[in-house]
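Me: I would like a close look at one part of this model. Please take that part first, then set it in its surroundings.

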Amino acid sequence: MNTPHLLKKTVVALAVLVLAGCASVNINESVNQTNQELTGFTNGKLSLVQTDEQRQAMASKAGEILKEPLSQPAAVELMLTHSPQFQAVLAENWAQAAQAAQSGRIHNPVFTFERVRIKDELELGRLLSFGLLDLLSLPARQGIARTQIDRAQLQLTSSVVDQVTQVRQAWVEAVAAQQAHTYAQQVFESAQTSAELARRMQEVGNFTRLQRARQQSFYADAALNLAATRHKAQGHGHPRSTGAHVGLEHRASCTTEAA
């Protein structure tokens, strides 16, 4: 029996078995899994931009979306594909999963090549060696690596749910603020007309001072409420706040569209 040849086959088989059992990470598969599990949140739009061509395509798509009033699904799509902050979250999650996978692999083997000459004889020695501790602890480390990869996937899912929820809330607040401002504007115009009518009616003796003062008070309250709703529409509830959540702080022309 050729013992060296058998030993060589055994080492090769062991190496293949070890490598086959290593945990691996594919960010595209992870993103697809998240899209499938969270269809109601991502609508299949979640993606990690990795190339300049993808960035250009996403920027072009964002420009087309922003030509129209920003609906809630469009705001979510912009956040998932065009927000630098959220893309950083995806990349960080990928890095964590890759690091976990690396911890479950055997360290690089050491290849030793020897060339020994004794008088007229030349001996060549080749040795491929693995750390004994690495081999003995490999199954446990692979199990830990898979657990950490699964945890990273759960963290990605949680991040998507959290970010999409924030964008939806910001969009609703923006729409509510716009509608409140529109209503306050209508009330103010009505109060302004009533106040002017009260002034004229007092001049001709059909209104008392008290009646006119009531109309003036209503007019003043309407003016204060209009100013408050305008401030809210331009601040916390303004569509720009939705743009901040989707990574479009620079797009001041962003407007929302009620569903």
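Is the crossing of helix 4 and helix 5 left-handed or right-handed?

Reply: The crossing of helix 4 and helix 5 is left-handed.

Some ground rules come before the detail. This is a predicted model, in which local features need pLDDT of at least 70 and side-chain atom pairs count only at pLDDT 80 or more, while totals for chains, interfaces and linings use all residues. Residues are numbered from 1 along each chain as its sequence is written, and side-chain values use heavy atoms, leaving out hydrogens and water.

Now the helix pair. The axes of helix 4 and helix 5 come within 10 Å and cross at roughly 160 degrees. Helix 4 is therefore roughly antiparallel to helix 5. Axes here are lines fitted to C-alpha atoms, for helices over the stretch in contact, and angles between N-to-C directions run from 0 to 180 degrees. Angles under 35 degrees count as roughly parallel, over 145 as roughly antiparallel, 65 to 115 as roughly perpendicular, and the rest as oblique. On the helix 4 side, Met58, Ala59, Lys61, Ala62 and Ile65 take part. They meet Ala74, Glu77, Leu78, Thr81 and His82 of helix 5. A contact means heavy atoms within 4.5 Å.

Met79, Leu80, Thr81 and His82 from helix 5 meet Pro84, Phe86 and Gln87 from helix 6. Thr81 and His82 also belong to the meeting with helix 4.

Beyond its neighbours within four places in sequence, Phe86 contacts Leu46, Met79, Leu80, Ser159, Val160 and Gln163. Three of these partners, Leu46, Leu80 and Val160, join Phe86 and Leu70 as the residues with the most contacts inside the largest nonpolar core, which has 23 residues. A nonpolar core is a set of buried Ala, Val, Leu, Ile, Met, Phe, Trp, Tyr and Cys residues joined through side-chain atoms within 4.5 Å. Helix 2 (27–37), helix 4 (52–65), helix 5 (72–82), helix 6 (84–103) and helix 7 (132–203) each supply at least two residues of this core. Another core lies apart from it, with five residues, including Ala184, Phe188, Ala222 and Leu226.

Leu156 sits in helix 7. It is buried, with a relative accessible area of 2%; buried means under 20%, exposed over 50%, and partly exposed in between, using a 1.4 Å probe and protein chains only. Outside its four-place neighbourhood in sequence, Leu156 contacts Ser30, Thr34, Leu90 and Asn93. Ser30 belongs to helix 2. Its relative accessibility is 11%, so Ser30 counts as buried. Besides residues up to four places away, Ser30 touches Gln153 and Leu156. In sequence, Leu156 and Ser30 are 126 residues apart; in space, C-alpha to C-alpha, they are 8.8 Å apart.

Asn35 is also in helix 2. At 10% relative accessibility, Asn35 counts as buried. Residues up to four places away aside, it touches Thr42, Gly44, Lys45 and Leu46. Between two of those numbers comes Asn43, placed in the loop between helix 3 (39–42) and helix 4. Asn43 counts as exposed, at 57% relative accessibility. Its phi is near 55 degrees, a positive value in a residue other than glycine. Most residues other than glycine have a negative phi.

At 48% relative accessibility, Glu92 counts as partly exposed.

Last, the whole chain. It has nine helices and two strands. These are DSSP runs numbered from the N terminus, with helices (H or I) of at least four residues and strands (E) of at least two. Their order from the N terminus is α-α-α-α-α-α-β-β-α-α-α. Of the 259 residues, 29% count as buried. Among contacts between residues at least 6 apart in sequence, 72% join residues at least 24 apart.

How values were computed
A crossing is left-handed if the near helix is turned anticlockwise from the far one by less than a right angle, and right-handed if clockwise.
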